[in-house]
Each structure stands twice: as structure tokens, then as C-alpha cells.
Amino acid sequence: MSEAVIHIDKLSKKYRGADSFALESLSLDIFRGEVFGLLGPNGAGKTTLISILCGLISPSYGSFTIQGFSYGKSATQLKASIGIVPQDFALYPSLTAKENLMYFGAMYGLKGRHLSTDVDHALESLGLTAHSNKRVETFSGGMKRRVNLLAAVLHKPAVLFLDEPTVGVDVHSKKAIMDYLQRLNENGTTIVYTSHHLMEAQEFCTRVGIIESGQLWRIGTPDSLISSIPGAKSLEDVFIDLTGKGFRDV
Ligand SMILES: Nc1ncnc2c1ncn2[C@@H]1O[C@H](COP(=O)(O)OP(=O)(O)OP(=O)(O)O)[C@@H](O)[C@H]1O
Ligand SMILES: [Mg+2]
């Protein structure tokens, strides 16, 4: 691995009115070409971290850069470098899949015949060609999640952030999504995602970070974390060991 594409330096976040920090002096480097999994129990701070990196909320303290860009000095370049797949759908229900993607593409400054062709290719790559002219409100959860993902990658971001991309989707959509992410990664996209699916993270991630109470408890390859805990055979064993009394409500 080479250069840090994301450099995070002592990031902290205390929400207004909160007693404790949602993120506490968290430092982390993520390298180009990685699939980095942010794991941790409910309320650990995973969404808070991703939301800060995507510019949706501001940190209380600390700083970070993505591709060397920061929101202060080089916000436009930073925004062009990243794609965001939020947990909730960010689609227009009464527009068709293609219309939605044309809209998101235009938001990123893409236009014309190129955009239309790119959208067609994108829909095809996730098995949605037959549905491209149907309204999104008629789609299943898994289909919406696929369109949501495509909306985030039309502008070919260097770094893709996903917050629980496979929650509530059936095995078909899940496989389509994970295969697609794998292809994106093979073509050079750095992926940072949160998940509660530890087996999926174990297979898919180059490294994972285990977060609890806003702090990075462990970081490493799935194999190195597994071998660091005597008797552990999977990331699930590591997780149970670290979080003490089982999964709580993970
Ligand atoms: N808008 C907010 N205002 C106040 N507190 C918040 C806000 N969003 C999150 N928190 C708190 O910050 C902490 C971290 O929450 P966060 O949503 O980042 O956790 P998470 O790891 O994403 O959890 P989950 O696995 O449930 O998605 C929690 O204690 C949560 O209650
Ligand atoms: Mg979350």
C-alpha cells in the first residue's frame, strides 16, 4: 500500500447538548486502493465519522484531508473526489431510475449524450436496464439501494463512502451490490464503509477499524485481528472478545 488518501488527525465530535464525545481524538490513515471497514456497536460513532468526512457535519476538534484536500481551502476538489451512499435513500420517488441518475449526474456537472450513455451503462452494470424507465417508488428496497449506489459513483469519485450499504436487502441485491463494489475497487476506487455484517467485512475488507465510544479500539487486516485474539476464528470472535458481553444490540 502506498500513499494515504485519507488522513485523519485527532478528530473529535461532541453534538450540541451531548454529555460525551461521539468521536474522541480519532486518528487514522486510509490508503489508496483499500476497502476499509468501519465496524463497531450501535452508537459507536461510525456514522458520525463518515458524516464528518463527507462534509455533512463539522468536527468539534481535529482535522482531516482527502487526497490532500480539505473543506476549508479546497472544498470543490474534495467534493469532486468523493461519492456518498447514505443509509437512507436520497432518490426522487416519482422520477424514473434513469431520470434520478440523470439528475444526480447533472449535479456533479456531467451532461449531454455522455451522461445519458454513462447512466445506461451504470443501470446495466447493476442489472437495472429493464427497470430504467420505471418510477423509483415502484422499486423494491434492494433496487432502490442499487440506484442509490449508482447515483454516488457517476462522477467516478476516487473515494466512495457507504453507510451500511447492504442493510435490509435480499441476498440477490446484496450480492449485486458487493460484486459491483468489488469491481469498482479493482478499478482503483478506495472504499470506506460501515457494516454490522462481520463475515462480509472479513471477506471484503483489506483492513478494518473497530470503533467503540468514539475511539478506534483496533485496526488491522481481518487476519491480523483474528490472530491477535487467542482462539478467535473470525472477526465475530474478535468483536465479541473486544466488546465484552457479546454484541449488545449490534
Ligand atoms: N444528531 C445527533 N445529535 C446528538 N447526538 C447524536 C447525533 N447523532 C448521533 N449522536 C450520538 O453520537 C453517538 C454516535 O452515533 P453514531 O450515529 O455515529 O453511531 P453509529 O456507530 O453510526 O451507530 P449505528 O451502528 O447504530 O448506526 C451516539 O451516542 C449517538 O446517540
Ligand atoms: Mg450509523
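Glu3 comes out as partly exposed, at 45% relative accessibility (partly exposed sits between buried, under 20% relative accessible area, and exposed, over 50%, using a 1.4 Å probe and protein chains only). This is a predicted model, where local features need pLDDT of at least 70, side-chain atom pairs count only at pLDDT 80 or more, and totals for chains, interfaces and linings use all residues. Residues are numbered from 1 along each chain as its sequence is written, chains are lettered from A and ligands numbered from 1 in the order written, and side-chain values use heavy atoms, leaving out hydrogens and water.

Glu3 pairs up with Arg32 in a salt bridge, with the closest N and O atoms 3.2 Å apart (the term means a side-chain nitrogen of Lys or Arg within 4 Å of a carboxyl oxygen of Asp or Glu). Glu3 sits in the segment before β1 and Arg32 in the loop between β2 and β3, so the pair ties together parts 29 residues apart in sequence (strands are DSSP runs of E, at least two residues, and helices runs of H or I, at least four, numbered from the N terminus). Arg32 is partly exposed too, at 31%.

The structure holds 6 salt bridges. One of them joins Asp120 and Lys98, at 3.0 Å from N to O. Asp120 belongs to helix α4 and Lys98 to helix α3, so this pair links parts 22 residues apart in sequence. Asp120 is partly exposed at 34% relative accessible area, while Lys98 is buried at 17%.

Another salt bridge runs between Lys175 and Asp179, whose closest N and O atoms are 2.7 Å apart. Both lie in helix α6, 4 residues apart, or about one turn of the helix. Lys175 counts as exposed at 52%, and Asp179 as partly exposed at 31%.

## Around ligand 1

Which residues surround ligand 1? Among them are Tyr15, Pro41, Lys46, Thr48, Glu164 and His196 (each has a heavy atom within 4 Å of the ligand). The shell divides into 4 nonpolar, 6 polar and 2 charged residues.

Oxygen atoms of ligand 1 come up against some polar side-chain atoms here: one lies 2.7 Å from Lys46, one 2.5 Å from an N or O atom of Thr48, and one 2.9 Å from an N or O atom of His196. The protein covers 57% of the 630 Å² of accessible area that ligand 1 has on its own (Shrake-Rupley method, 1.4 Å probe).

Conventions:
A polar contact is a pair of N or O atoms within 3.5 Å; within protein, one must be able to donate a hydrogen and the other to accept it, and residues adjacent in sequence count only if both atoms are side-chain atoms. Ala, Val, Leu, Ile, Met, Phe, Trp, Tyr, Cys and Pro count as nonpolar, Asp, Glu, Lys and Arg as charged, and the others, Gly among them, as polar.
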